[in-house]
Amino acid sequence: MTSTLTRRNFLKSGAAVTAALALPDFVTSSGQSLTALAGSRPPDYQKIVDIYRNKWTWDKTVRGTHMINCWYQAHCAFDVYVRDGIVFREEQAADYPQLNDDVPDMNPRGCQKGCSFSKRMYEESRIRYPLKQAGERGSGQWERVTWDEALDDIADTFLDVVTQEGTDRVIWDMGPDINVGAANAGQARFAQLTHSISLDSNSSNGDGHRGAFETFGNIYMDRSLEDYFYSDVILIWGSNPIVTSIPNAHMFTEARYNGSKIVCIAPDYSPSAIKADLWVPLAPGTDAALALAVAREIVFGGHVNEEFVAEQTDLPLLVRTDTGKLLTEKDAKQGRTDRFIVIDKVRGPSTAPAKSLKLGILEPQLDVDTEIEVLGGGKVAVRSVYSLLKDRLEPYTFEAVSKMTGTPVKVIKKFARLCINAKALSNVSGSSMNKYFHGNLTERAMILIWALQGQMGRPGAGYSAFAFLANDGWEDYVSGFRNGDRMKFGTDIGLDLLTDLAAGDTAEMFFKKLGNNSFVDIGGNLPIWTSAALFWQVHGGVMELAEQADKWVPGLKKPVREAVKESLDNKWLPLQPPAGTDPRIMFHYCANPLRSVRGSQKLTEVLWPKLKLSVVVDFRMSSTAQMADYILPAAAWYEVTDHKWVTPLVPYNHVTNKAVEPLGESKPDFWIFTMLTKHVQKRARERGISSIVSHLGKTVKLDNLYEDMTMGGRFLEDDTDKAAGAIIDASSNLSHVSWEEQKEKGYTRYNSIGISPLAIGNAGKLEEGKPFIPLTYHIHDKLPYPTQTRRIQFYLDNDLYLEHDEALPVYKAPPPIGGDYPLMMTGGHTRWSVHGVWRDNRLMNRLNRGQPYIMIGIKDAADRGIADGDWVRCHNDVGEFEIRVKVTHAMRPGQVFMYHAWENYQFAGTGSPREVSPSPINPVELAGDHAHLKVGMLEGQPNSFDRDTRIEITRISGPQAGAAGQGSNDAA
Amino acid sequence: MTPLERSAVYGGFASAFRKADGGTDVLDDTLVPPPPEGASKAFMAAFDPSVSKTAVSLHASAHTERDQTDLYQELIRWYDHFGLKRRDGGELPDHVSVMLEFLQFLTAQEAANAGDAAAVGSLHKAQGDFIERQVLPLVEAMSGKLETDAERYQVLPQGLRAFLEEELTALTQ
């Protein structure tokens, strides 16, 4: 071609050639017109160094952070450097104050992911324009459309569905990155006004901390990082903070300067194990046995803190041996079914205190095995929970547990001694245990170590479960600031709270109940949530993978499908829309279920065909976006002003400031949701649709949706900043510092845990100059726990637990999920990405192998003739996938390990690890109709599991047919 | 070609790489065929790696091992030296269209300073260096990786490369 061209050929004949300049991407620095600048004399240029003669300057620097769910370390303040409307770089702010002279400060905060977000936001996978699928879903054919075209089309389908089939056919798939800030408030207000359904993904992510929920009636409990400085033994158990909590990890090391011992309990020689004073290796999934061995030593070695146990736990309560049920006041005498009986050393059978944990004159016996007269005459045999626990613990001798766990006896003994001799024992919260089928039992067994010794509620001592801290003004915004500060989750808290308090409940119980109410219809004023895990199982077809669960899990009383049906029929667990009512529209927001849901291959097979519309709101291409009908481009985190939930570990509200305009045509999430209501309202009016009655029997006004969404014009689509500030102003725990000051500083210390259902369970006081210690309201102030017995509860007399012999903690071997195969596929978060966000980032992938790999031990690899870097097929009864192998000394025989979050399109061969992970529901987690075993915000829902997955690995010559032919920068 | 005609060609190519049907009013049809049916889809398949694994990025940072901050800074320095800055909402500085707009500007400025040999000399050196250091490596990288059935997008980088090579030849003579 080149040889045939003349210079004139380039220009179309008759093309306009003019001196007037219009450049879409430039303006002049001087403010004059481009044409005028072009008409002026140019600066001298002789060689490249001339452009480097002026000192580089920044236009501005603002405080920013990343609205990602990196969880425990959330978040880190950064200085974001801007020039010409582009973020060039970011730098750790590193000016967090030292809390007091005795503890180290948190600086520096920030990891390699945060330090490279300025690169991530401009990478090739960034979505810059609204996109419409131009072929079959997943075909990889897309066309660029305008916002108006996209929003009108989505609005029309939305109107079709809600008018013809109901509002509960519209699902908001809410992933882990929801921020409890303005962005999330926009979505939640839309969902609330239209009575559509939002998915609570916490348990689906495998983060449900079911064991803590069963024991405390609450999963929210963690300390501030400085408190580790007061621990003399820190257990890293079910976590890997050296990899996953980089900004936090130095605090553990600094605690060692104060004499703390760090113990890592993990099957593999993990990066955290390497840094520990003691590594306790054990077979994957046998942790409960280890914990019960320690508990046994505490009990039979005479180390029980009887005062703590008698006051704070259910161990002195009586259990009827004939029914296995807790003995209630009504059993023993005229009284209530929610009051329980102890044997007082002086007075005999007595009602345990309920409005307060204070025992007063009561001296409950711990070890009781007797008979007691019951109402109506006669006697029944009763035993205290403590007595039953002793029996339960009896088999867990060091020697027996060594056989269960594969841990040498001397290591178990050393570990037990450390736990028992510790003055202040703590743990580093993690969620690995939740991802085992019997993870609830493991967590309950672990909590025994702390509770039996009273290792809670004081500096450096306590069990950490689920880390979460949030503002409490968000609910006010979502409900439209109705009734001023008195309206929370659609309830007039002024009256209702007083009523509950008068009845002996606590504020914690009351506000947690408001969270519970969001899952059931109590009036139509609430955002409506449903369990994502249950949703994927029932509507997504994941349950079909568990047809063989009775072969995998010993002791199942009925097939999983029947167990789920029983729970749904009995309304133990609510599911919306109900089984048999197909979802029609899914908005995936901060979510990527085709990458994250175990067994996600079923979703495209079962759920997607039911959908009339799938919309992804994201700033990058994801596995789910590839299967969407529309991708709406969201602003990245330096392109919008907002704030996000954090954790007690770092109890600072973090703000990201809008440093630059959103790239391309991307828009802030708040804009997107608000504009969607505008288009729904417009199309409703054009189509003559005014209002409908939702599945809750309430009126949903469609022709006034934008007016309602904006609260009559108070918060318009461009008002993300204003809405974020309004949430802060409405928050009892953050409004002590103005929004403007918070933006400038980038972080603000919470002054209390607040009253959000998402944080109130922390139950402690955030005091100036002191580390935060959870549960002190219970332990110091004697407020009852939100459990059935109003105590830390180890005995669950729910029928499902009794049926499965799980009324008390017990060790059950990890079932061979996926079939009888020799390798257990465990996994964990990676150092180089938070979920999928950095998974295909070129910089991060240069720090590891840059493509999916599975880790296998040296012996297992040699036995199979596998060398490092080989391609293998991983397979079980459910499915298979192909991947490269990393051979490592860090992996024990029988264990293989997958770092998570590779996008489907990054697997060069067939499948992904989700295809071998069927994640059958654990039937006890279907419980309901119980005082505290019921669904709540981020808790009380069935979990997803993958750590028990068994596979075999076979060497192959290379990947088979490639993955879908679309996607972003695959580093493979 | 006159400087203004060259400027128009740069503008045409800049537009052609920005929009599926861009530059059709400027670039010769025999060089750059008209947009195909479903141009938006084909353009994205050819040039948007976020949706297509076989797409070729129009951003220089995707084709170099060079640090993005370093690359952006150098480009911004180029633009800044000649009095230009990024428009709010504009493309990133390493997008081929932005680079071509810059050359569109330099050639327009050359036209306005036709009687000033020193100014023209300065602009020629700048154009040559910019093409050689920034644009041509990007276009060469793009040309080597392009996989598309759409003739327009297949020939677009080749046409630009031919033009740049001729420009470079002329500028260095």
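Trainee: Which pattern does chain B follow, read along the sequence?
Mentor: This is a predicted model: local features need pLDDT of at least 70, side-chain atom pairs count only at pLDDT 80 or more, and totals for chains, interfaces and linings use all residues. Residues are numbered from 1 along each chain as its sequence is written, while chains are lettered from A and ligands numbered from 1 in the order in which they are written. Chain B has six helices and one strand, where helices (H or I, at least four residues) and strands (E, at least two) are DSSP runs numbered from the N terminus. Along the sequence they read α-α-α-β-α-α-α.

Trainee: What radius of gyration does chain B have, against that of a compact globule?
Mentor: The radius is taken over C-alpha atoms, and the globule rule is 2.2 Å times the number of residues to the power 0.38. The C-alpha atoms fill a box of roughly 45 × 35 × 30 Å along the principal axes. For 173 residues the rule gives a value near 16 Å, so chain B agrees with a compact globule at 16 Å.

Trainee: What percentage of the residues in chain B are buried?
Mentor: Buried means 20 or more other C-beta atoms within 10 Å of the residue's own; exposed means 12 or fewer, partly exposed lies in between, and C-beta atoms are placed from the backbone. Chain B has 173 residues, and the buried share is 59%.

Trainee: Among contacts in chain B between residues at least 6 apart in sequence, what percentage join residues at least 24 apart?
Mentor: Two residues are in contact if their C-beta atoms, placed from the backbone, lie within 7 Å. With that cut-off, the share in chain B is 54%.

Trainee: Turn to chain A. In what order do the four strands of the open parallel sheet lie?
Mentor: Strands pair if DSSP finds at least two bridges between them. The order is E11-E10-E9-E17.

Trainee: Which residue in E10(A) does Ile234(A) stand opposite?
Mentor: Strand E9 (233–237) and strand E10 (261–265) of chain A run parallel, joined by five bridges. Across that pairing, the residue opposite Ile234(A) is Ile262(A).

Trainee: In what order do the eight strands of the mixed open sheet lie?
Mentor: The edge strands are strand E6 (142–144) and strand E20 (528–531) of chain A, each pairing on one side only. Neighbouring strands are turned by 25 degrees on average, direction ignored. The order in chain A is E6-E5-E23-E22-E21-E7-E8-E20.

Trainee: Which residue in E23(A) does Asp618(A) stand opposite?
Mentor: Strand E23 (630–633) of chain A pairs antiparallel with strand E5 (131–133) over two bridges, and there Lys132(A) faces Tyr630(A). With E22(A) the pairing is parallel, over four bridges. Tyr630(A) and Leu632(A) point one way from E23(A), Ile631(A) and Pro633(A) the other, and all are buried. Opposite Asp618(A) stands Pro633(A).

Trainee: Which residue does a cis peptide bond join to Asn107(A)?
Mentor: Most residues other than glycine have a negative phi, and most peptide bonds are trans. Another cis bond runs from Gln576(A) to Pro577(A), with omega near -10 degrees; Pro577(A) lies in the loop between helix H21 (560–569) and strand E21 (585–589) of chain A. At Asn107(A), omega is about -5 degrees, and the partner is Pro108(A).

Trainee: Is His209(A) buried or exposed?
Mentor: His209(A) sits in the loop between strand E8 (197–200) and helix H5 (210–216) of chain A. Its phi is positive, about 45 degrees, although it is not a glycine. Because it has 32 C-beta neighbours inside 10 Å, His209(A) counts as buried.

Trainee: What distance separates the centres of domain 1 and domain 2 of chain A?
Mentor: An automatic or database assignment sets the bounds: domain 1 is 223–464 + 779–794, and domain 2 is 823–916 + 942–956. In contact are 16 residues of domain 1 and 16 residues of domain 2. The domain 1 side divides into seven nonpolar, seven polar and two charged, with Ala, Val, Leu, Ile, Met, Phe, Trp, Tyr, Cys and Pro counted as nonpolar, Asp, Glu, Lys and Arg as charged, and the others, Gly among them, as polar. Taken over C-alpha atoms, the centres are separated by 34 Å.

Technical notes: Axes are lines fitted to C-alpha atoms, for helices over the stretch in contact, and angles run from 0 to 180 degrees between N-to-C directions.
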